[in-house]
Amino acid sequence: MDLGLVGLPQCGKSALLTLLSGAPARGDVAVAKVPDPRLDGLASLFHPRKVVHATMRLTELAGLVPGRLERGERNAFFEAVRRTDALLHVVRAFLAPEVPHPLASVDPIRDARALEEELVLADMERVETLRSRLEKSRAHSREEELQREVLARCAEVLGEARPLRLARLTAEDERLLAGFGLLTARGELLALNVDEDDLRQGTAFPELESWAAENGITVVIFSSRLEAEIVNLEERERLEFLSAYGLTESGTDRLSKAAYRALGLISFLTAGEDEVRAWPVAAGTSARRAAGKIHSDIEKGFIRAEVASYADLMAAGGWKALREHGQARLEGKEYTMQDGDVVEFRFNV
Ligand SMILES: Nc1nc2c(ncn2[C@@H]2O[C@H](COP(=O)(O)OP(=O)(O)O)[C@@H](O)[C@H]2O)c(=O)[nH]1
Ligand SMILES: [Mg+2]
């Protein structure tokens, strides 16, 4: 699962890549750990040799200035977007006269809209091309008929200048569209990089926030500057620092969690003396497929999943007491994994 960082040049993409991955960015790809306090809870119970967080891959895409691009550059950018599973759109709201703005003024809603419009426009062109190609095709297979139908619905949404993530596509629709490389169906998160003073005053950006909500985009307001100051502090100091801004969680943590959701991921957990671990799977994944994330043999030889909620396991103090309380459920291969399920798989080898 790949999260693409997009936004104008100098808006803070590389700074955010560094913050999320916890290390100075080397090139434009990095891996981010997804914070999960449940792992700390489980570690206090099981005293494992290691604790493994869920991770996601981050890729910084070339900064693009809408309206100023040659066709080749636009296509290269869209190609890079196609390779991502969700977008983290960094938008600049900090002033900093020493940092040049490619459009000479700081205007977050203008910048946020401009990129989204580019993507919607690209999808419109693509959908039109696909529709006329299907119109001309002489073989009228059932599959093509279904594609025509879903593309007509896409054209309607895009025609209203709305992204495809608002088109209520079903899993079947997504299957039909999978090879077409449309851009706006993917999840999107908007990271608004503000000045520390704006954070302190809790300054709201109502116009931007309602625009984002209408477009199915989650907004996280953070200050890249502030985050860089607190990243190396002890947990306790960091919390004190944040509380001065009326915050309880760092922007980096809020962004990581929101990005994980935008990617459509949830975590199931495994816990033992060897290892406590969070496993990322797409929301809706069955128990059997989830088992395959750990090892293909567990998927092949799947018998049952023994599942407990994190809260029940913590309250019981371990699997043994949990089983005695009848709080461990035995689930079959079609069970849909839930975020925070603690699981032990039973399997034949
Ligand atoms: N004052 C201020 N400067 C920032 C902030 N975020 C990034 N910068 C600076 O803006 C410049 C561009 O940031 P960078 O992360 O390289 O932007 P990118 O082009 O989007 O990757 C760098 O000099 C950063 O130090 C911020 O929140 N406040
Ligand atoms: Mg950069």
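Reader: Before we start, what should I know about the model and its numbering?

Author: This is a predicted model in which local features need pLDDT of at least 70 and side-chain atom pairs count only at pLDDT 80 or more, while totals for chains, interfaces and linings use all residues. Residues are numbered from 1 along each chain as its sequence is written, chains are lettered from A and ligands numbered from 1 in the order in which they are written, and side-chain values use heavy atoms, with hydrogens and water left out.

Reader: OK, strand S1 then: is it mostly covered or open?

Author: Strand S1, residues 2-6, is mostly covered, with five of its five residues buried, where buried means under 20% relative accessible area with a 1.4 Å probe and protein chains only. Strands here are DSSP runs of E with at least two residues, and helices are runs of H or I with at least four, both numbered from the N terminus.

Reader: And which residues sit on each side of S1?

Author: Asp-2, Gly-4 and Val-6 are on one side and Leu-3 and Leu-5 on the other, and all of them are buried. In a regular strand the side chains alternate between the two faces of the sheet.

Reader: Which strand pairs with S1 over four bridges in the parallel sense?

Author: Strand S4, residues 55-60, does so, pairing being counted if DSSP finds at least two bridges, and Gly-4 stands opposite Thr-59 in S4. Strand S5, residues 86-92, also runs parallel to S1 and is joined to it by four bridges, with Val-6 opposite His-89.

Reader: Last one, what comes nearest to ligand 1?

Author: Of the 15 residues around ligand 1 (a heavy atom within 4 Å), Gln-10, Lys-13, Ser-14, Ala-15 and Asn-193 come nearest. A backbone N or O atom of Ala-15 lies 2.8 Å from an oxygen atom of the ligand, a polar backbone atom of Gly-12 is 3.1 Å from a ligand oxygen atom, and a polar side-chain atom of Glu-60 also lies 3.1 Å from an oxygen atom of ligand 1.

Terms used: Buried < 20%, exposed > 50% of the residue type's maximum accessible area, 1.4 Å probe, protein only. Polar contact = N/O pair within 3.5 Å; in protein donor to acceptor, adjacent residues only side chain to side chain.
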